[in-house]
Amino acid sequence: MFEIKVADAIVNLFVQAKIPYIFGIAGTSILDLMDATVRVEGIEFLEARSEDNVAHMADGYARASGNIAVCTAHVGPGAVKLLYGIAAAYKDGSPMIAITGNEVTKNLGRDTYHEVDIMSIYSPVTKETLQITKPEEAISKIVRAMVIATSGKPGPVHLDIPKDIAKAEIDITEENIKKELSFLQGRGISTPLNRPVPDNNSIKSSIKMLKEAKYPLFFTGAGVIRSRAAKELMAFVNKYNLPFVTTDGGRGVCSEKDELFMGVVARQAGDKTARAILKQADLIVGIGLTFSDVSTFEWSAISEETKIIHVDINPGEMCRQYSVELPVIADAREYLKQLDGSFSGEFNTCWNLKEIKERLTGERESYYSEAARECMGVNPWLAIKLLNEHLSPETFISVDSGLHSFFGKKTYVQGYNTYIRSAGFGAMGFAIPGLLGALLAVPTHHAVSIMGDGCFAMVTHELETTKRLNLPITCMIFNNHSFGSQHYHQNKSYDGRIVGTEFNNPDFAEMAKLYGIRSWRIETNEELEEILPEALSVSEPTFLDIQIDPDILPSDWNPGSGLKIKK
């Protein structure tokens, strides 16, 4: 036995769990935790320039690696600002531990400087909130946080550590720490920690329903990726020649040029072809998705006569949005493995798969044909067309939230788990920090962020982080000098009364140069055709401030929940 600071013990535990980074912003309440990363080998403290982006970086790392990520912030203002990124991680099911520092235990609840009821604030957007109030419970609560974050549907767990607890010493050995994590058997802590297996009756019923269906359709969400079940999904649908569509958050399960991939179902910038066959299906096998408003057009995209098999690891999702014929509480990979292993033969379906794929390809190509349209400034469709021509499957893509996303989402996702987006929360500014985290997890990849100027202006300070880490990310700013989507709403639905959606931007390319990043201000289509391939080819950060024509708008605009566009 030897005495060790609680902060050092926690960091040692992270190292044993193969967690290589703590993402954070400095503050006196977390200095002991930060200091421990200097003295404990195998872990690094990585700072961003604001707390929300610290959480986004951890989120991106967790999504790309499948492993748990840790972020931390100072008591009070720092902890509250971290919350924005934690909410994004919670909506999309990213396994994280969010550590907040706090005042000394004797002062808790006395309305001290910085203090707020942080436990209550975090409760709605985390799987659980824990507070260490005694030094001897530190290790057990960290392990508990890890298990909760990676079990069932993954998500962030909040852990609050008063600063006197972090400084306190406990008697513990390295063997004791290893023993606490013996259930990992030497592996890192990744998702899902446990894999619930479907019962035999669920598998038999699934096969029976598939055999009876004329138009069966697999509808997959982010849970397939979180479960690392893409290989099993693709093996099954290819073996039996069955079509599938994905949610926006479920993109990246395979190359979208795969012959059986029939598009993305999403209220904003989804594929019409995918929505049409979802409506036509007489059986939907929904795996790892919540049947949200976005993926069902506010629950109007599925016919009342359609039968549904819903497979999800979270029992709380069952029959929540739709009545289903067969609820299956199971891990996606285990379900698909057992389904494949329990059936031999063929399914007699009536789909004309070649015609559907041609329809999807034609639909997407029709957007890219808009790239030839004459315009003032740069045609945003040309940017997407060029991306599709030059991106490799080893490229992470993140499309931020706003008008630009209606163009950006038409980029073909080509590689497994390469679509890193705040799909559930729509957090503006996620793309750059989220992709930096993803690149730390998979440093052999490149990354492209597609953002509007409104989103980018919220994270300009992270250009310093981008340059410091020197990771191969290409930042594409679709600059129309406005909050474009809301500006569109005001023009169409509020008789053109423009309030709070137009502004004057500085020269973002010059700003990026001040941080030492290779950057270009692009004002013509010809400049974009020349510069984009170069920007994508280098192994360092690049930045494109693209002055797009604000009059070119997506033809498939959907105004969003509860809104209608005036004719």
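I began with His-114, which is partly exposed at a relative accessible area of 23%; here buried stands for under 20% relative accessible area, exposed for over 50% and partly exposed for what lies in between, with a 1.4 Å probe and protein chains only. The model is a predicted one, in which local features need pLDDT of at least 70 and side-chain atom pairs count only at pLDDT 80 or more, while totals for chains, interfaces and linings use all residues. I keep the numbering that runs from 1 along each chain as its sequence is written, and side-chain values use heavy atoms, with hydrogens and water left out.

**Positive phi**

I noted that His-114 has a positive phi of about 80° although it is not a glycine, and I found His-114 in the loop between strand 5 (96–102) and helix 5 (118–122). Helices (H or I, at least four residues) and strands (E, at least two) are DSSP runs numbered from the N terminus. I then turned to Asn-417, also not a glycine, whose phi is positive at about 50°. Asn-417 sits in the loop between helix 17 (405–408) and helix 18 (431–441), and Asn-417 is buried, with a relative accessible area of 10%.

**Helix 18**

I looked up helix 18 next and found that 10 of its 11 residues are buried, so helix 18 is largely enclosed by the rest of the structure. Among the buried residues of helix 18 I list Pro-433, Gly-434, Leu-435 and Leu-436.

**Cavities and a pocket**

For these I worked on a 1 Å grid over the protein atoms alone, where a cavity is a set of points at which a 1.4 Å probe fits but cannot get out, a pocket is an open set with protein on both sides within 12 Å along at least five of seven lines, and lining residues have an atom within 4 Å of a point. Grid points are joined across faces, edges and corners, and a volume is the space filled by probe spheres set on the points. I recorded four cavities of 30 Å³ or more.

The largest cavity has a volume of about 60 Å³, and its lining includes Ile-10, Ser-29, Leu-33 and Ile-161. The second largest cavity, of about 40 Å³, brought me back to His-114, which lines it together with residues including Val-75, Glu-115 and Ile-118. I also checked the second largest pocket, which holds about 200 Å³ of space and is lined by 13 residues, with His-487, Tyr-488, Asn-491, Pro-550 and Leu-553 nearest its centre.

**Helix 9 against helix 14**

Two packed helices are described by the angle between their axes and the distance between the axes. I found that the axes of helix 9 (residues 200–212) and helix 14 (residues 332–341) come within 10 Å and cross at roughly 65°. Axes are lines fitted to C-alpha atoms, for helices over the stretch in contact, with angles from 0 to 180 degrees between N-to-C directions. Contact (heavy atoms within 4.5 Å) is made here by Asn-200, Ile-203, Ser-206, Ile-207 and Leu-210 of helix 9 and by Tyr-335, Gln-338 and Leu-339 of helix 14.

**Thr-220**

My last entry concerns Thr-220 in strand 9 (residues 216–220), which is buried with a relative accessible area of 0%. Leaving aside neighbours within four places in sequence, I saw Thr-220 in contact with residues including Leu-233, Phe-244, Thr-246 and Ile-287.
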